[in-house]
Each structure stands twice: as C-alpha cells, then as structure tokens.
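Here is a short briefing on one protein chain. Keep the structure open beside the text as you read.

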Amino acid sequence: MLAAAAIALSLLGKAPSPGRFLAVDAHRHRVTITLIASYNGTNGGFNFDGYSRYLMWTVPRSWTVRVVCQNRGPLRHSCAVVKDAGATRPAFRGAETPQPRIGIEAGHTERFTFRANKKGVYRFACLVAGHELARMWDVLEIVPRGKPSVVDLQAGR
Ligand SMILES: [Cu+2]
C-alpha cells in the first residue's frame, strides 16, 4: 500500500525538498545554489529543481553566490539572474551561464559566481527563447541580513 503510494507520487513528479540544492558557508558568507534544469516532468520539464515559479531563494546582501547550473535535458537550457520578466541582461555582473539564449546542451553543467550587492527581488530564469515565458523561473530575494534559505511557496497547500 505504502509502496504503491510512493510510486504514484514519484510518477506525479512530486517536488523534492529544496534544501538539498542549497549549501551555506556562513563563515565565508558564501552560498552555493544548484539549479537542475528539467529536473523532472513538472511544468513539462520547464523547471529548476522540480519547481516552476514557486521556489523562493533568499540570500543576504554582500554574500557571494555560486550557481551550479546542470541541464538534465533533453532541450537546451540556461541559468541567469534577471530583475524583471523578459530581461535579457543579468542583474549582477557575471550572473549567467555562457550564451544564455543558446543554452547549455543536455547533460552538461556550467557554473557562475556573483556578488549579491543589491537588495531586491530577482529571478533565476532560463533565457532560452520562450522558456521564461513558459514559467521556467524561480524567485531570488536579496535581503539586508540573515542566512540563506530556500522555501517551497506551495508547501502546505
Ligand atoms: Cu530552458
């Protein structure tokens, strides 16, 4: 009975606990965020870590953010930090994978690092044409202080 339920949930592409994609080095004020493009079948594969829109990352201002962008495919995808929907330039210097409108090949990984030197609400978005419009983005908020966190905004619904 339980095994059948577990299989049913896995077939639905149930979102994983997002904390596994966050690694915090509080001493160095450095955080590593792993974004796995097309993690599962959620939103037709247009997701990061199994989430489309409803994941919120929080990072304190002045921390260093390292992003590991892994493409599980089969399409090309990219990772970038942008300020507004449809923005084509990164909100922070260097905050995008190479050639973000072309994207990373299936099965490949790219990394970038940036300094979160401005407060505000941003997006982690895929900049391959049409993908952000297809809701392939999540939320990143740079806050005045505290510790990095990640929250599933739909948890408990
Ligand atoms: Cu994409």
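**A loop residue, a sheet and a core**

Start in the loop between β5 (80–82) and β6 (109–115), where Arg-93 lies. The model is predicted. The points below go from this loop to the sheet, then to the core.

**The loop residue**
- Arg-93 counts as exposed because it has 9 C-beta neighbours inside 10 Å, and the cut-off for exposed is 12 or fewer.
- Arg-93 and Ala-116 are 23 residues apart along the chain. Their C-alpha atoms are separated by 9.5 Å.

**The sheet**
- An open sheet holds 5 strands, in the order β5-β7-β8-β3-β9. Its pairing is mixed.
- β5 and β9 (149–152) stand at the edges. Each has a single partner strand, so one side of each is left without a neighbour in the sheet.
- From one strand to the next, the twist averages 25°.
- Strand β3 (residues 55–60) runs antiparallel to β9, and 4 bridges join them.
- Look for Thr-58: it stands opposite Ser-149 in β9.

**The core**
- The largest nonpolar core has 38 residues. Those with the most contacts inside it are Leu-35, Val-59, Val-81, Phe-124 and Ala-125.
- Two or more residues each come from β2 (30–37), β3, β4 (64–71), β5, β7 (120–125) and β8 (137–143).
- β2 gives the most to this core, with 5 residues.
- In soluble globular proteins, nonpolar side chains tend to be buried together.
- Ala-125 is in contact with Ala-80, Val-82, Glu-132, Met-136 and Trp-137, leaving aside its neighbours within four places in sequence.

Note on methods:
Residues numbered from 1 in each chain as written. Predicted model: local features only at pLDDT ≥ 70, side-chain atom pairs only at ≥ 80, totals over all residues. Buried ≥ 20, exposed ≤ 12 C-beta atoms within 10 Å, placed from the backbone. Pairing = 2+ DSSP bridges. Axes fitted to C-alpha atoms, helices over the stretch in contact; angles between N-to-C directions. Core = buried A, V, L, I, M, F, W, Y, C linked by C-beta atoms within 7 Å. Contact = placed C-beta atoms within 7 Å.
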